[in-house]
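Subject: Model handed over

Dear colleague,

The structure is below, with the findings after it. Please file it with the others.

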Amino acid sequence: MAAARPTISTHVLDLASGEPAPDVGVALFRLADDGSPELLSELRTDGDGRIRDLLDGGELSEGD
């Protein structure tokens with residue numbers, strides 16, 4: 001059996017209610033070699049307040 005592909009995920013909760021926060025925009029950036037930010041993805045949380053793969057199927061690579 002092949003190992004699961006690693007991902008970056010998030011789970012957002014509403015601080016006032018403690019319930020999942022749906023439809024929250026989340027952006028993932030990586031710093032380029034010159035220090036400038038590069039947008040990797042921009043997604044919205046699902047009904048459970050989650051984004052299961054912030055790279056949206058893209059390859060996870062090592063970074064700082």
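**What was found**

Of the 64 residues in the protein, 17% are buried (under 20% relative accessible area; exposed is over 50% and partly exposed in between, with a 1.4 Å probe and protein chains only). This is a predicted model, in which local features need pLDDT of at least 70 and side-chain atom pairs count only at pLDDT 80 or more, while totals for chains, interfaces and linings use all residues. Residues are numbered from 1 along each chain as its sequence is written, and side-chain values use heavy atoms, leaving out hydrogens and water.

The protein has zero helices and four strands (DSSP runs numbered from the N terminus: H or I of at least four residues for helices, E of at least two for strands). From the N terminus the order is β-β-β-β. The radius of gyration is 14 Å, well over the 11 Å from the globule rule for 64 residues, so the protein is more spread out than a compact globule (C-alpha atoms; the rule is 2.2 Å times the number of residues to the power 0.38). Its C-alpha atoms fill a box of roughly 40 × 40 × 15 Å along the principal axes.

Strands β2 (residues 25–31) and β3 (residues 37–44) run antiparallel and are joined by seven bridges (strands pair if DSSP finds at least two bridges between them). Leu 28 has Ser 41 in β3 as its bridge partner. Five residues lie between the strands of this hairpin, where Gly 35 takes a positive phi near 90 degrees.

Regards
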